[in-house]
Structure formats: C-alpha cells, structure tokens
2 protein chains.
Amino acid sequence: MTDPGDLRPNEEAVELEPASDASLRFIGTIRTPWRDRKDCPRQGKLDGPECQLVLDPVWHQALEGLENYDTIEVLYWLDQSRRDLIRQSPISDGQTFGTFALRSPVRPNPIGTSMVKLVRIEKGTLVVRGLDCLDETPLLDIKPDRCAFSPKAPDKPGSRD
Amino acid sequence: MTDPGDLRPNEEAVELEPASDASLRFIGTIRTPWRDRKDCPRQGKLDGPECQLVLDPVWHQALEGLENYDTIEVLYWLDQSRRDLIRQSPISDGQTFGTFALRSPVRPNPIGTSMVKLVRIEKGTLVVRGLDCLDETPLLDIKPDRCAFSPKAPDKPGSRD
C-alpha cells in the first residue's frame with residue numbers, strides 16, 4: 001500500500017502490517033452518478049442527485065421501520081483509498097494536515113459516513129440524496145439519524161451519569 | 001455467531017458465511033467508565049463523563065490540526081455484538097424492528113459512530129464527552145464533525161450537480 005511515488009509534497013506515510021483485527025461484510029452496493037474520483041463532490045448535499053443503496057436480499061427484512069425516518073446515516077467502504085498516510089496535503093501546496101483532522105477518504109480504516117435524506121424505499125433499494133462517493137462503493141451499514149432516533153428500550157444507569 | 005437460544009421473542013437471525021470482504025486495523029482503545037453492557041447509556045450525551053481515546057503511537061502525528069474542532073466524529077468496533085440479526089426486539093416484548101431501523105450495537109458490521117465533544121488532547125490521548133460504549137472498545141477512526149468541517153481543497157464538478 002505504501003508507494004512513496006504517490007505522495008504529494010510533505011505528505012507522510014507509515015509502514016504497517018496488513019490489517020487483520022476484524023473483518024467486514026459488504027451488505028450491498030451504492031449507485032451514484034460519479035464514475036471517477038475527480039467527479040465526486042467534496043461533500044454530499046441533501047439536495048444533491050438521487051443515489052441508490054442496493055441492499056443484498058438477505059438484509060431486506062432488516063429495513064422494517066426505517067421508512068419512518070427522513071434522515072439516515074450511511075456507512076460505506078472507500079475501497080480505492082490508501083490507508084497509510086498520517087499527514088496529507090489536500091491541495092498539493094506543501095501544507096499538510098493530520099489525517100484525523102481531515103474527512104479525506106485516505107485513512108487507516110477508510111469508512112465513509114454520511115447523513116442523507118431518505119427519499120423512498122423500493123423493495124430492497126433505498127433512494128437517497130446527500131452522498132458524495134463513487135458509483136459501486138460497497139455498503140457497510142444504515143442507521144437512523146442519531147438526532148431523530150429515540151432508543152426503543154428504557155434508560156440504563158449510565159444514562160444518568 | 002448464530003445461537004438461536006439467545007434470541008428474544010420474534011427476533012430473527014440469518015445464516016451467514018464468515019465476513020471476509022475487507023479488514024480493519026484497530027488504531028487505539030477507548031476508555032470509558034462502563035465495564036458491563038448493562039451499565040452503558042443508551043446514547044452518549046455531550047455533558048456525559050470524560051472518556052479517553054488512547055491512540056496507538058504510530059498515529060499520533062495524524063492528530064495535527066484536530067485541536068481546532070470542538071466536535072469530532074468517532075468510529076469504533078463493537079466487538080461483543082452478534083452480527084446475524086435482521087429483526088430485533090429492544091424491550092423483549094415481542095415487538096420487533098428491522099436492524100437498520102435501530103442504532104443497536106447488533107448489526108452486520110458492528111461499527112459504532114458518535115459525535116463527541118473534544119475536551120482536550122494530551123499527547124496521543126483525546127479526552128472527550130458523549131460516548132456510550134464499553135471500556136476497552138477498539139477505536140477505528142476519528143474525523144472532524146462534518147458540520148464544522150470545510151473541505152481544504154477546491155470544489156469539484158460533482159459539487160455543482
């Protein structure tokens with residue numbers, strides 16, 4: 001994954017063993033209008049184009065109740081990203097920022113998170129607005145927006161701390 | 001992972017192959033006051049107790065610039081969660097919700113996401129408020145809050161869609 005030739009001025013990579021602490025299962029695929037990284041918006045907008053979250057059939061029943069939410073959180077795997085940079089230079093001008101001070105797709109675990117508008121659900125496909133990722137990005141998870149969501153179970157002791 | 005004996009009334013699990021689509025690298029450990037799942041709050045609160053994100057030394061430099069943000073997004077691995085439920089009954093009363101309509105830790109990829117208040121950074125340890133996870137939960141990622149963050153690079157064509 002470390003290819004010093006790809007670094008911009010002052011960017012810094014670290015040597016890492018292969019990742020092996022836990023494993024992910026892709027649950028579907030995201031369809032967007034963007035086929036090339038240079039075409040993707042920097043950040044999704046809630047009035048952006050419609051995109052589709054195409055869920056694998058085994059998970060269709062797991063959507064039950066999600067139709068009650070206007071805004072949902074989407075997690076996805078940025079599978080084209082290198083994972084070894086600690087400092088990045090977003091505009092290649094020699095000025096760098098730490099990886100964790102950026103929302104760049106280049107990160108040790110390239111998981112994208114977006115809050116999107118849920119337009120409609122058509123069987124196992126969710127139509128949403130607000131994404132910024134490449135077409136065919138693997139889907140990892142869907143959750144109700146934490147702001148709109150009230151836990152379905154009663155409070156627990158830790159909540160009163 | 002499928003143990004029918006652990007299901008609550010009307011909960012439903014699916015048969016799955018082992019997860020093998022992508023691999024994660026833990027980047028540190030989260031320290032919280034909660035040692036048992038029953039003690040964790042249902043949702044973190046920004047005025048909750050101080051917790052620590054203890055980053056592995058290789059990633060310390062990647063924090064540079066994060067001190068400018070009051071609110072940060074934290075991703076972590078809910079390593080004690082089963083991953084095969086499609087319907088869950090949060091209060092064991094027979095009423096179920098689809099997994100994706102809940103923010104339960106039980107999900108196909110048990111990745112927790114929280115927006116937390118960044119109190120201070122002490123070398124490679126971030127002191128934050130707003131978490132709800134167990135002590136010693138593995139840390140996956142840290143990003144600036146998407147609401148406070150402005151991309152450091154200029155707009156791209158997709159942003160104008």
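**Salt bridges, interface and strands**

1. Glu50(A) and Arg120(A) form a salt bridge, with the closest N and O atoms 3.4 Å apart; the term denotes a side-chain nitrogen of Lys or Arg within 4 Å of a carboxyl oxygen of Asp or Glu. Glu50(A) lies in strand S4 (residues 50-55) of chain A and Arg120(A) in strand S8 (residues 111-122) of chain A, so the pair ties together parts 70 residues apart in sequence. Strands here are DSSP runs (E, at least two residues), numbered from the N terminus.

2. The model is predicted: local features need pLDDT of at least 70, side-chain atom pairs count only at pLDDT 80 or more, and totals for chains, interfaces and linings use all residues. Residues are numbered from 1 along each chain as its sequence is written, chains are lettered from A and ligands numbered from 1 in the order in which they are written, and side-chain values use heavy atoms, with hydrogens and water left out.

3. Arg120(A) also forms a salt bridge with Glu122(A), at 2.6 Å between the closest N and O atoms. Arg120(A) is partly exposed at 36% relative accessible area, as is Glu122(A) at 40%; buried means under 20%, exposed over 50%, and partly exposed in between (1.4 Å probe, protein chains only).

4. Asp135(A) forms a salt bridge with Arg31(A), the closest N and O atoms being 2.8 Å apart. The two residues are 104 residues apart, Asp135(A) in the loop between strands S9 (125-129) and S10 (137-144) of chain A, and Arg31(A) in strand S3 (residues 28-31) of chain A. Asp135(A) is buried, with 12% relative accessible area, whereas Arg31(A) is partly exposed at 32%.

5. The contact between the chains (heavy atoms within 4.5 Å) takes 77 residues from chain B and 77 residues from chain A. Together they bury about 7,400 Å², 55% of it on carbon and sulfur atoms; this is the accessible area (1.4 Å probe) lost when the two parts are put together, summed over both. Arg25(B), Arg42(B) and Phe100(B) supply 12% of the area that chain B buries against chain A, more than any other three residues.

6. Six salt bridges link chain B and chain A. Arg87(B) forms a salt bridge with Glu64(A), with 2.6 Å between the closest N and O atoms.

7. Strand S2 (residues 22-24) of chain A and S2(B) pair in the antiparallel sense over three bridges; pairing requires at least two DSSP bridges. Leu24(A) has Ala22(B) as its bridge partner in S2(B).

Definitions and conventions: Helices (H or I, at least four residues) and strands (E, at least two) are DSSP runs, numbered from the N terminus.
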